[in-house]
Amino acid sequence: MDRQQLHDAVEAIRWYHVIDLPHGIRTPGSFDPNTELPRYGLPESFRGKTVLDVGAWDGWFSFEAERRGAGRVLATDSYSWSGKGGGSKDGFNLARKALGSSVEDLTIDVPELSPETVGKFDVVLFLGVLYHLRDPMAAIERVASVTRDQLIVETLVDLIHLRRPAMAYYPGREENNDPSTWVGPNPAAVVAMLRAAGFGRVAAIAQPSYVGAVAKSTLRRIRKRPGLHMAFHAWRSG
Ligand SMILES: C[S@@+](CC[C@H](N)C(=O)[O-])C[C@H]1O[C@@H](n2cnc3c(N)ncnc32)[C@H](O)[C@@H]1O
């Protein structure tokens, strides 16, 4: 594909991720993970690991895992890939082709994930998906069932002034005017759910100080900005 062909193909797609493609072409997505990478705490190297990216959408994190040396990467999604919420799989398909990537793909929804349907993976990425699901504990159990070693969860968090595990419920468009956002667990609830799903060691990445985090979260809500997001790493063995 020459530069003009790639440019035209990119222009025809509604992108979620900003992805750097050959010929200096950058996809016009609404989310550029590159600018927020530190808060995910991703391993520097995935060398030789098998990686499952749940809710991959345009695939930025799948391609990044491959770039960091993963031996095998499987990208899964269903909601966006099947056209819900205005998304599509076109961006993933085009980026994979343009990057010459070997990332595999499977259209499957979170409740269907199991060792029988997808197998088990050394590292599972569950980024930006948890708060879209009506039953977060059941979802964590599904992703836990296919995690051999490490699960990385990134999610919206709410009620962070509460130290006890608690979860906000958004029956309407309360969060960022998005009807597909259902829950906002607080950090203690995410940690508790991961432990309940059988992970021996759980760490919140760069958890902000109590006072600072509450202030930031409250300000965002007053200004009707998207809520605070945090990442959590969980390991099978303690
Ligand atoms: C905010 S995007 C996150 C994409 C990517 N993992 C990232 O972190 O940049 C949310 C993803 O969750 C997926 N998803 C799965 N189940 C969903 C549901 N019931 N409602 C909305 N999104 C859902 C969407 O298809 C989409 O890929």
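**Ligand, cores and buried residues**

Analyst: A polar side-chain atom of Asp-77 lies 2.5 Å from an oxygen atom of the ligand. The protein covers 91% of the 590 Å² of accessible area that the ligand has on its own; such areas come from the Shrake-Rupley method with a 1.4 Å probe, and for residues only the protein chains shown count as cover. This is a predicted model, in which local features need pLDDT of at least 70 and side-chain atom pairs count only at pLDDT 80 or more, whereas totals for chains, interfaces and linings use all residues. Residues are numbered from 1 along each chain as its sequence is written, and side-chain values use heavy atoms, with hydrogens and water left out.

User: How many residues surround the ligand, and of which classes are they?

Analyst: The ligand is surrounded by 16 residues, and the closest are His-17, Gly-55, Asp-77, Ser-80 and Leu-127. A residue is counted as near if one of its heavy atoms lies within 4 Å. The shell has nine nonpolar, five polar and two charged residues. Here Ala, Val, Leu, Ile, Met, Phe, Trp, Tyr, Cys and Pro count as nonpolar, Asp, Glu, Lys and Arg as charged, and the others, Gly among them, as polar.

User: Why is Leu-6 called buried?

Analyst: Buried means under 20% relative accessible area, exposed over 50%, and partly exposed in between (1.4 Å probe, protein chains only). Leu-6 has a value of 2% and is therefore buried. Leu-6 belongs to helix α1 (residues 3-11); helices (H or I, at least four residues) and strands (E, at least two) are DSSP runs numbered from the N terminus.

User: What does Leu-6 touch beyond its neighbours within four places in sequence?

Analyst: Its contacts (heavy atoms within 4.5 Å) are Met-1, Leu-21, Pro-22, His-23, Ile-25, Leu-94 and Ala-98. Leu-6 and Leu-21 are 15 residues apart in sequence, with a C-alpha to C-alpha separation of 8.9 Å.

User: Why does Trp-57 count as buried but Leu-159 as partly exposed?

Analyst: Trp-57 has a relative accessible area of 16%, so it is buried. Leu-159 has 22%, and is therefore partly exposed. Trp-57 lies in the loop between β3 and α2 (60-67), while Leu-159 is in the loop between β7 and β8. Phi is near 50° and positive in Trp-57, a residue other than glycine; Leu-159, also not a glycine, has a positive phi of about 50°.

User: How do you know that Ser-62 and Thr-181 are buried?

Analyst: Ser-62, in helix α2, has 0% relative accessibility and so counts as buried. Leaving aside neighbours within four places in sequence, Ser-62 contacts Asp-53, Ala-56, Val-73, Ala-75 and Val-103. Thr-181, in the loop between β8 and β9, has 3% and therefore counts as buried. With the same exclusion, Thr-181 contacts Tyr-131, His-132, Leu-156, Tyr-170, Gly-172 and Glu-175.

User: What makes a set of residues a nonpolar core, and which members of the largest touch the most others?

Analyst: A nonpolar core is a set of buried Ala, Val, Leu, Ile, Met, Phe, Trp, Tyr and Cys residues joined through side-chain atoms within 4.5 Å. In the largest, of 33 residues, Phe-126, Leu-151 and Leu-194 touch the most other members. Two or more residues each come from β3, β6, α4, β7, α5 and β11 (229-235). The largest share, four residues, is that of α4. Apart from this core lies another, of 30 residues, including Leu-21, Phe-92, Val-103 and Leu-127.

How values were computed: Polar contact = N/O pair within 3.5 Å; in protein donor to acceptor, adjacent residues only side chain to side chain.
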